[in-house]
Amino acid sequence: MTRARWTSGEASDRDEFNLTRVFFFAALHLGVLAVFWQTTWMAIGMAVMLHVICGGLGVCVGYHRLLTHRSFKCPKIVEYAFALAGSLSMQGGALEWVALHRKHHQHSDKDGDPHNAAEGFWWSHMLWVLHTPTNENWRAIRRRYTPDLEKQLFYRVLEHTHYLGSILLAVGLYFLGGWPFVVWGVCVRLVATYHITWFVNSASHMWGYKNFESDDLATNCWWVALLSYGEGWHNNHHAFPTSARHGMWGWPGIFMSPHPRR
Ligand SMILES: [Zn+2]
Ligand SMILES: [Zn+2]
């Protein structure tokens, strides 16, 4: 992997190699191995349901299409419910997620892009997430990219407390269905959601086709779209970032829609 020189003129988003994150992701991935001992159909069904709520509605619809791109309007209470659901995917509070994703669109696949796909598959897939900025640079990035959300007390509080919801959820899952619910509802669900989200940044910036000319690497990658509620129609998304629907033709709605090559 070759690290690009930092020429965007903005605060760096990758100052420190974050060992806490390394241990956290390693532990979660190891936890997935427990499926060999801790699997029930109920646990699988519950994990799929949580993935739809926290990954589909929370991250894709809430964090991405609503908060990052403001691609549709809804009552504030619904917006906060989406954000809470998103926070249960453990991809950080909305401020962190939205700031980095807006930065990605601002500098797509160039210096300044947190998960610049020009730096290789592994950087854009998951190595970037193991690198974090200093507190000072975090503040600078959020000042630049999320002043609209910073103004709201809800998002400032969520930024510091988002992991509490996940701890409560894990404890609740244990009391509801024992270890199979924890293994599937926490480890398997989170790891699946992480890799699906990361594939949008890696595979959908590398493999597939383009409907629209662009100066970035974003592509339409059908299998990522299938896994990610349509996020994999990523060339379309970079061409029209505020469109709530990423597939351009076919079924209405913000989820999967078939998207023929032009
Ligand atoms: Zn992208
Ligand atoms: Zn986007």
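**M90**

I started at M90, which is partly exposed because it has 19 C-beta neighbours inside 10 Å. The scale I used: buried is 20 or more other C-beta atoms within 10 Å of a residue's own, exposed is 12 or fewer, partly exposed is in between, and the C-beta atoms are placed from the backbone. M90 sits in the loop between α3 and α4. Its phi is near 55°, a positive value in a residue other than glycine.

**Ground rules**

This is a predicted model, where local features need pLDDT of at least 70, side-chain atom pairs count only at pLDDT 80 or more, and totals for chains, interfaces and linings use all residues. Residues are numbered from 1 along each chain as its sequence is written, and chains are lettered from A and ligands numbered from 1 in the order in which they are written.

**Y229**

Next I looked up Y229. Its phi is also near 55°, positive in a residue other than glycine. Y229 lies in the loop between α9 (222-227) and α10 (234-239). Is Y229 buried or exposed? It is buried, with 22 other C-beta atoms within 10 Å.

**Overall layout**

I listed the elements. The protein has ten helices and two strands. Helices (H or I, at least four residues) and strands (E, at least two) are DSSP runs, numbered from the N terminus. From the N terminus on, the order is β-α-α-α-α-α-β-α-α-α-α-α. Of the 262 residues, 42% are buried. I then checked contacts, meaning pairs whose C-beta atoms, placed from the backbone, lie within 7 Å. Among contacts between residues at least 6 apart in sequence, 66% join residues at least 24 apart.

**Cores**

I looked for nonpolar cores: sets of buried Ala, Val, Leu, Ile, Met, Phe, Trp, Tyr and Cys residues joined through C-beta atoms within 7 Å. In soluble globular proteins, nonpolar side chains tend to be buried together. The largest core here has 37 residues, and L67, A94 and V98 have the most contacts inside it. Which helices each supply at least two residues of this core? They are α2 (41-68), α3 (76-87), α4 (94-106), α6 (135-145) and α8 (153-201). The largest share, twelve residues, comes from α8.

Leaving out residues up to four places away in sequence, L67 touches G62, A83, A94, V98 and L149. Apart from this core lies another, of nine residues, including V200, A203, A225 and W233.

Two packed helices are described by the angle between their axes and the distance between the axes. My axes are lines fitted to C-alpha atoms, for helices over the stretch in contact, and angles run from 0 to 180 degrees between N-to-C directions. Under 35 degrees counts as roughly parallel, over 145 as roughly antiparallel, 65 to 115 as roughly perpendicular, and the rest as oblique.

α2 and α4 pack at about 60°, axes 10 Å apart. The two are therefore oblique to each other. Y63, H64, L67 and T68 of α2 meet A94, W97, V98, H101 and R102 of α4. I sorted these residues into five nonpolar, three polar and one charged. Ala, Val, Leu, Ile, Met, Phe, Trp, Tyr, Cys and Pro count as nonpolar, Asp, Glu, Lys and Arg as charged, and the others, Gly among them, as polar.

**α2 against α3**

The axes of α2 and α3 come within 7 Å and cross at roughly 125°. This pair, α2 and α3, is therefore oblique too. On the α2 side the contact includes I53, C54, L57 and G58. On the α3 side it is made by E79, F82, A83, A85 and G86. The contact of α2 with α3 holds eleven nonpolar, three polar and one charged residue.

**α4 against α8**

What is the angle between the axes of α4 and α8? They cross at roughly 100° and come within 7 Å. That makes α4 roughly perpendicular to α8. A94, L95 and E96 of α4 touch Y155, L158 and E159 of α8. These divide into four nonpolar, no polar and two charged.

**A27**

Last, I went to helix α1 (residues 19-32), where A27 is found. A27 counts as exposed, with 10 C-beta neighbours inside 10 Å. Its C-alpha atom is 8.7 Å from that of C187, 160 residues apart along the chain.

Key: Two residues are in contact if their C-beta atoms, placed from the backbone, lie within 7 Å.
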